[in-house]
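This report describes selected local features of one protein model. The sequence and structure are shown first, and the description follows.

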Amino acid sequence: MIVVMKPGATKEQVAHVVDLVKDYGLKEHVIYGTDRTVVACLGDKRMVDKGAIENAPMVENVVPILAPYKIASLEVKKEKSRIEIGPGKFPIGGQKVGVIAGPCAVENLDQTLDTAQAVKEAGCVGLRGGAFKPRTSPYSFQGLGVEGLKILAKAREETGLAIVTEVIGLEQLGAVVEYADVLQIGARNMQHYPLLEAVGKTNKPVLLKRGMSASLDEFLLAAEYIINAGNSQVILCERGIRTFEKYVRNTLPLASVAALNDRTHLPVVVDPSHGTGHAKLVGPMSLAAVAAGADALIIECHIDPEHAASDGAQSITPKALKDLMPKLKRIAKAVDRDM
Ligand code: PEP
Ligand code: MN
């Protein structure tokens, strides 16, 4: 349930409600909006005397949260969350649409720095690149590990771009937190609940990718795990789902962008690279994603896609990225956003 405070409620009055909620054995999550404060109450509500909370000073009402996910829900927070990433503190979820681009994997220093320069020049806000790679085959390139993280940190130093990189397991979390600006949770790990709780205990923004067979409710409940563990900085990423279709690597359901925006205050990012598997489909689907209401894009971009260590087929060149940006700007403008 949510306790909605009246406009103008003081910090003490909110604290009083929090104490009451805790007395009932519930966990609280306070959201300070521009207009009013709400206290989301999580846990078993059977023993709660709703009337007693309703009578507390400056409480407007107490309402149930109908969605299975609670604090991720629009019912609890009506304003979109803005999550600042990287040294430039670019807000994902604000008026501006951001683009994050970079290779699937960090392969070496030169490749990463050259890509980072191109990504920066194209006008992107973040550099993606996996140092730890979750590969389908154990024989495929598994990433450079900590050395890759150090290369990414160097790229940030040179460009000021926010570094987005994946954390594939609990063992690597400490190292990734040390170097990354945004912790990516991959599709394969969307339901790795101990990992979700662990990133929820960090203070870094998390880019949570949708599992390839996850429903939107399961996706949002995965986000809820992170927020419930203490970290509200969750960015959702639609990266396509498995279907019977063979023309694409994954089917990119852009209706989910609009549906998520209708259900949650969390920013929504689209990955048209994994979402299609084909470089030539990345541009059109990027434009469509922005039109559908995406807050940002995460695109695979490689200086030499033909020789990429992973996902070359879906990686666009720096030139294609540069050519795409003005088109994206025009679409953003058409849907009352900026870039
Ligand atoms: C990636 O971003 O390179 C990646 C492995 O993505 P996903 O988890 O969506 O498959
Ligand atoms: Mn990839």
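## A loop histidine

His192 is placed in the loop between strand S10 (182-185) and helix H6 (193-200). Helices (H or I, at least four residues) and strands (E, at least two) are DSSP runs, numbered from the N terminus. With a relative accessible area of 25%, His192 is partly exposed; buried means under 20% relative accessible area, exposed over 50%, and partly exposed in between (1.4 Å probe, protein chains only). A distance of 9.6 Å separates the C-alpha atoms of His192 and Ile168, which are 24 residues apart along the chain.

## Basis of the model

The model is predicted: local features need pLDDT of at least 70, side-chain atom pairs count only at pLDDT 80 or more, and totals for chains, interfaces and linings use all residues. Residues are numbered from 1 along each chain as its sequence is written, chains are lettered from A and ligands numbered from 1 in the order in which they are written, and side-chain values use heavy atoms, with hydrogens and water left out.

Distant parts of the chain are linked by Cys104, in the loop between strand S7 (98-102) and helix H3 (109-122), and Glu300, in strand S14 (residues 296-300), which are 196 residues apart. Both Cys104 and Glu300 are buried.

Ser310 lies in the loop between S14 and helix H10 (318-334) and is buried, with a relative accessible area of 5%. Leaving aside residues up to four places away in sequence, Ser310 touches Cys104, Ala105, Glu107, Lys133 and Arg135, where contact means heavy atoms within 4.5 Å.

## Packing of H4 and H5

The axes of helix H4 (residues 146-159) and helix H5 (residues 170-179) come within 9 Å and cross at roughly 15 degrees. Axes are lines fitted to C-alpha atoms, for helices over the stretch in contact, and angles run from 0 to 180 degrees between N-to-C directions. H4 and H5 are therefore roughly parallel, a term for angles under 35 degrees. Val146, Leu149, Lys150, Ala153 and Arg156 of H4 meet Ala175, Val176 and Tyr179 of H5.

Conventions: Parallel < 35°, antiparallel > 145°, perpendicular 65-115°, else oblique.
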